[in-house]
Amino acid sequence: MRNFFLNDIEIQAMIQETKPMPIPFRTFLSGMKPKRGRGGSFLQISSKFGRLSGDGEWLIYACKSKENAFDFSCGLWFIPEGQARGFCLVRYNGKSHQHTNHLEGQQPFYDFHIHQATERYQRSGWKNDHYAEPTERYADFHNAFKCFGRDCALQEPSGNTNLELFE
Amino acid sequence: MSVEQIIRAFGESISQSIRLFPEGTDRYQVFTPFHFGDGDHFVVVLRKISGQGWILTDEGHTYMHLSYDMDLTDVARGNRNKIIEGTLDRYGISEQEGQLIAAIDSDLHAGNYFYNFIQCLLHISDISYLSRERVASTFMDDFKEFIGDAIPQDRYQFDYWNQDHDSAGKYVVDCRVNNMDRPINIYAIGNDDRCRDATIGILQFEKWGIPFQALGIFEDQEQISRKVLARFTDVCDRQFSSIRGNEDRIKGYLQGQIG
């Protein structure tokens, strides 16, 4: 991505901005499927849709391993107008691997964790969404998606934002 | 500090950073210091398979992780696929439905299997960081693959030039869609030079008075300098800024044109 930068305030605002999905939550998740070949060991689904302001698009991506129920991710990308690649804002990961926040000089942790883009990591040369914190808010994919949907203000075409209803 | 002390410190540091964490029956997470660019460590699992013995596997996580930032169909063909196949072959790693697997055939050499497995994961995870030159060389592969999916085989020809007006083949069109009153000249544009060549090519076809439509498909339109792009825009009928993200639009446009 060329010269696209968000400060921490902008990142937070974008995460909390209402996002009108083109399909209901249940339809989105029931569409998860493996791809042939190298994508064969996990289920995945993505949905790209416009921003309410008309400036750029959102991309929501969810995946979960067929081998390990704790290996999953659901995340939100922002795709600026005219650009091919997205900027990852948040990603809700499972507990299948350790994570290290390198700028903070911390020891690795092994837990469910949430990545979020930050100013400092953009400036550092690491990936935008390098920073992650462990979480106790979920312990499986469906609850991770609920947290993700609530935090990112996902909205069904009907206007519903209640993720409790989609199960 | 003596070199012996340094070697001992290296060994202690490395051995401390490699740990086994039991998780299930005959299954261990192998914690290593190796990680992707987003701070997530590689998934390395040591598992015993009934009747087969111990294996190292990533349980498909490496490709799943790559899928956050790229379409995995991009690594299933062309130069990226060749790089991965070469890596698997070099380190003796097998791949089953997207899972990377190394069978540990000998206790004595378990360390070597582990080393090779990590090397393989490092190389494959680097696919997403391919250099501009390496990525540029895969754009034409991607373009041709895309055209093959979008248009019936008898309706297009790669590397076309007009035999009547250009016997020397100086004005090559990357892909020509035929059997139309106004055939489509498709230019695959990866850099400024290609964009300039496409502009000149389009002007030459106009000069010859040949009916045609010009379509430009960029690798990344944002990378083309403004003046070069401006000149191209003046002569090109339709443009798409990239293949990725525009697959449906481009296919819809082409299928609408060819009928």
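**Close-up views of a predicted two-chain model**

Glu81(A) counts as exposed, with a relative accessibility of 55% (exposed means over 50% relative accessible area, buried under 20% and partly exposed in between, using a 1.4 Å probe and protein chains only). Residues are numbered from 1 along each chain as its sequence is written, chains are lettered from A and ligands numbered from 1 in the order in which they are written, and side-chain values use heavy atoms, leaving out hydrogens and water.

**View 1. Glu81(A) sits in the loop between β4 and β5 of chain A.** Strands (E, at least two residues) and helices (H or I, at least four) are DSSP runs numbered from the N terminus. Leaving out residues up to four places away in sequence, Glu81(A) touches Gly54(A), Asp55(A) and Gly56(A) (contact means heavy atoms within 4.5 Å). Gly54(A) is 27 residues from Glu81(A) in sequence, and their C-alpha atoms are 9.0 Å apart in space. The Glu81(A) side chain also reaches the backbone nitrogen of Gly56(A) at 3.2 Å.

**View 2. Leu89(A), Phe145(A) and Phe148(A) touch the most other members of the largest nonpolar core, which has 34 residues.** Such a core is a set of buried Ala, Val, Leu, Ile, Met, Phe, Trp, Tyr and Cys residues joined through side-chain atoms within 4.5 Å. Elements giving two or more residues to this core include α1 (8–16), β5 (87–93) and α4 (141–151) of chain A. The largest share, five residues, comes from α4(A). Beyond its neighbours within four places in sequence, Phe148(A) is in contact with residues including Ile60(A), Val90(A) and Leu154(A).

**View 3. Glu23(B) lies in the loop between β1 (19–22) and β2 (27–31) of chain B.** What joins the side chains of Glu23(B) and Tyr110(A)? A polar contact of 2.3 Å joins them; the term stands for a pair of N or O atoms within 3.5 Å, where, within protein, one must be able to donate a hydrogen and the other to accept it, and residues adjacent in sequence count only if both atoms are side-chain atoms. Not counting residues up to four places away in sequence, Glu23(B) touches Tyr28(B) and Gln29(B) as well as Tyr110(A).

**View 4. Phe10(B) belongs to helix α1 (residues 3–17) of chain B.** Is Phe10(B) buried or exposed? Phe10(B) is exposed, at 55% relative accessible area.

Methods: This is a predicted model: local features need pLDDT of at least 70, side-chain atom pairs count only at pLDDT 80 or more; totals for chains, interfaces and linings use all residues.
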